[in-house]
Amino acid sequence: MNSTAATNISLDNTTDSSSLGIAPSKAEGIALCTTLILLFVCIVIGNSLTIVLFAVNRRFRKRSLFLVINMACADLMVGTVTLPIYIYYVGAEYKLWTATGWPMSLTIFYMFGDSLFMFASLNSATFISGERFYAMHWPLKHRALSMWAYRLVIFMVWALALLTAAFWTALNFFLSTKDAMYVTTPYILMLTLITCGCNIGIWRKFQLGEFASKQQNRASQNKRLTKTLLMVSILALVSWLPLIISNHLIFVYKVQIPSKVYDLVNVLNYSNSFVNPVLYALRIPEFRRA
């Protein structure tokens, strides 16, 4: 879903840069590319450190953090695989360098890879919310969950992302972005509603203060982790909703959005891939010490 404009320009002749209000200003292009390059560095370093710390430090190998690592892997792939292609496209669009062409194979690769990793990240945020909701409302059953259950959830995250990305790419290639959005948007809205519902349920649990009186230290750590992961899922929603709304206005309702606004929407969406490691460092003492 991210930077749909970039891929759709190559696949749909009825949509060009002018329909998105993109002005060929080199100053804006330099500012945007500089920002995207900084995001690239932050995404790669932050998520790489997260994965390495969880891999080498046994204290982090908790079942409740497996989905966090899965999300970090998806975000890392966004930064290393698809973001450089998008930076190349943006620089060419703003005439910062001369592009030799935008091959169809690169367009399809970017479209599929970008949607795959973005959907995997969004799916992870949704399952994180569901896992925390289950842990807060049925703590005894949650503690009895096996490693197999978490492996199954991770498999579902990537299977759903793969299926959705395949549909998204095929519909864009054979039909149009508008038709693709009619199919994928209900899925995204369903994930959004599930995430919001779980977050509301978790927040109500916090407000009611219904926590076990025994093992206060463990309960306090679990509460802090739940609040941290609650913030992770909320940030994911905040970064996705503007992109969904903007793409609907552009490709479904044919509304012209200023390029600066659409650029900010894309930067916000990509930013979600690096804010999570910062959040872990601020909110998880063990992670910060490591």
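This is a predicted model: local features need pLDDT of at least 70, side-chain atom pairs count only at pLDDT 80 or more; totals for chains, interfaces and linings use all residues.

So, the lining of the second largest pocket: seven residues are nonpolar, one is polar and one is charged. Numbering runs from 1 along each chain as its sequence is written, and side-chain values use heavy atoms, with hydrogens and water left out.

Back to that pocket. The residues lining it are Leu67, Phe127, Gly130, Glu131, Tyr134, Leu145, Ala149, Tyr150 and Val153. Helices here are DSSP runs of H or I, at least four residues, numbered from the N terminus. The space inside is about 150 Å³. Pockets come from a 1 Å grid over the protein atoms alone: a pocket is an open set of points where a 1.4 Å probe fits, with protein on both sides within 12 Å along at least five of seven lines, and lining residues have an atom within 4 Å of a point. The volume is the space filled by probe spheres set on the points, which are joined across faces, edges and corners.

How many aromatic pairs does the count come to? Eight, taking rings of Phe, Tyr and Trp (its six-membered ring) with centres within 6.5 Å; planes under 30 degrees apart are stacked, over 60 edge-to-face, and the rest tilted. Phe133 and Trp138 are edge-to-face, because their planes sit at 70 degrees, with the centres 6.0 Å apart. Tyr134 and Trp138 make a tilted pair, 5.6 Å between centres and 40 degrees between planes. On accessibility, buried means under 20% relative accessible area, exposed over 50%, and partly exposed in between, with a 1.4 Å probe and protein chains only. Phe133 is partly exposed at 23%, as is Tyr134 at 27%, and Trp138 is partly exposed at 39%. Elsewhere, Phe119, Tyr187 and Trp240 form one aromatic cluster.

Next, Ser129, which lies in H4 (residues 104–137). Buried or exposed? It's buried, since its relative accessibility is 2%. Its side chain makes a 3.4 Å polar contact with that of Asn199; that's a pair of N or O atoms within 3.5 Å, where within protein one must be able to donate a hydrogen and the other to accept it, and residues adjacent in sequence count only if both atoms are side-chain atoms. Ser129 also touches Thr195, Cys198, Ile202 and Ser233, among others, leaving aside residues up to four places away in sequence. Touching means heavy atoms within 4.5 Å.

Thr228, in helix H8 (residues 216–252), is buried too, at 0%. Leaving out residues up to four places away in sequence, it touches Leu279, Tyr280, Arg283 and Ile284.

Last one: Lys254, in the loop between H8 and helix H9 (259–283). Most residues other than glycine have a negative phi. Lys254 isn't a glycine, yet its phi is positive, about 55 degrees. It counts as exposed, because its relative accessibility is 53%.

Notes: Helices (H or I, at least four residues) and strands (E, at least two) are DSSP runs, numbered from the N terminus. Ala, Val, Leu, Ile, Met, Phe, Trp, Tyr, Cys and Pro count as nonpolar, Asp, Glu, Lys and Arg as charged, and the others, Gly among them, as polar.
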